[in-house]
Amino acid sequence: MQILQEKFGETRLHQALTEVAISSFDIKTNKPVIFTKSQLANSPELDAKMSDICYSTAAAPTVFPPYYFATNTSNGDQYEFNLVDGAVATVGDPALLSVSVAMKLAEEDPAFASIRSLNYKKMLLLSLGTGTTSEFDKTYTAKEAANWGFVQWMLVIQKMTDAASSYMTDYYLSTAFQALDSQNNYLRVQDNALTGTTTEWDDASVANMELLKQVGENLLKKPVSKDNPETYEEALKRFAKLLSDRKKLRANKASY
């Protein structure tokens, strides 16, 4: 937390240079909390310090403690947050959340009018995963699980749920973009075979950072999928070109 406070200081959500969508989960209200700059007019209590928001979205249960802070409502009343990791709200993959926020913006902000009515051809979605362990590939038969008790199910059900949710989010988005002839506008980057210390959420040692860097460099050379021989490196370069071209197009339109 000290590092976040040093980096962000007193900076609040309204000072973000662009729209953001940062998820967390309030264990007191039992509801997700989405910190978005565009919603501050209707929900001023969301204008928290960026250091508080960033810690809250990373407060993974069993790894970091839940985080409490308070802001003020439009009436000046205190508004309390009791938050844990945003993965509880978005199940580890906020890509679908980002699409929802973009669609909401399209309804309210003329600058986003081009993506109304789910116009995915005007949208670029880059989803960067933090990786999963090779244990996600471990499978079981109905015969094996038939005699499992409560404890045995608890040991594997969370991993099954996380894996299934991540796969389903990717499946939904890739299917939607493909159905709307925009498959090149969506890219999911994820390593599904992490091992050793690279699977540890709270290991920020220099040695582990170097290992993770190597994992990323190796991933660049791998194909995006069985059906897409394009490597991640090629796909990311293509995406960067698309982003650059669109930025230039917006700049040219603004100059007229």
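# Close-up views of a predicted model

**View 1. The second largest pocket.** About 970 Å³ of space lies in the second largest pocket. This is a predicted model. The pocket is lined by 31 residues. Closest to its centre are Asp170, Arg188, Val224, Ser225 and Tyr232. Rolling a probe the size of a water molecule over the atoms shows where empty space is left.

**View 2. What the second largest pocket is lined with.** Three elements each supply at least two residues of this lining: α6 (150-179), β6 (186-189) and α8 (232-254). The largest share comes from α6, with seven residues. Sorted by class, the lining of the second largest pocket has twelve nonpolar, ten polar and nine charged residues.

**View 3. The largest nonpolar core.** This core has 15 residues. Those with the most contacts inside it are Leu13, Phe35, Leu46, Ile53, Phe69 and Phe81. Two or more residues come from each of β2 (31-36), α2 (50-57), β3 (67-72) and β4 (78-84). The largest share of this core, three residues, belongs to α2. In soluble globular proteins, nonpolar side chains tend to be buried together.

**View 4. Phenylalanine 35 and its contacts.** Which residues does phenylalanine 35 touch, not counting those up to four places away in sequence? They are Leu13, Val20, Ala21, Ile22, Ser24, Leu46, Ala48, Ile53, Phe69, Phe81 and Leu83.

View 5. Side chains alternate along β3. Tyr67, Phe69 and Thr71 point to one face and are buried.

**View 6. The hairpin of β3 and β4.** These two strands pair in the antiparallel sense, over six bridges. Five residues sit between the strands of the hairpin. Glycine 76 takes a positive phi near 90° there. Across the pair, alanine 70 stands opposite glutamate 80 in β4.

**View 7. Glutamate 80 in strand β4.** Glutamate 80 is found in β4. Why does glutamate 80 count as partly exposed? Its relative accessibility is 34%, and partly exposed covers the range between under 20% (buried) and over 50% (exposed). Leaving aside neighbours within four places in sequence, glutamate 80 is in contact with Asp26, Lys28, Tyr68, Phe69 and Ala70. Glutamate 45 is 35 residues apart from glutamate 80 in sequence. In space, C-alpha to C-alpha, the two are 8.9 Å apart.

How values were computed: Residues are numbered from 1 along each chain as its sequence is written. This is a predicted model: local features need pLDDT of at least 70, side-chain atom pairs count only at pLDDT 80 or more; totals for chains, interfaces and linings use all residues. Side-chain values use heavy atoms; hydrogens and water are left out. A nonpolar core is a set of buried Ala, Val, Leu, Ile, Met, Phe, Trp, Tyr and Cys residues joined through side-chain atoms within 4.5 Å. Buried means under 20% relative accessible area, exposed over 50%, partly exposed in between (1.4 Å probe, protein chains only). Helices (H or I, at least four residues) and strands (E, at least two) are DSSP runs, numbered from the N terminus. Contact means heavy atoms within 4.5 Å. On a 1 Å grid over the protein atoms alone, a cavity is a set of points where a 1.4 Å probe fits but cannot get out, and a pocket is an open set with protein on both sides within 12 Å along at least five of seven lines; lining residues have an atom within 4 Å of a point. Grid points are joined across faces, edges and corners, and a volume is the space filled by probe spheres set on the points. Ala, Val, Leu, Ile, Met, Phe, Trp, Tyr, Cys and Pro count as nonpolar, Asp, Glu, Lys and Arg as charged, and the others, Gly among them, as polar. Two strands pair if DSSP finds at least two bridges between them.
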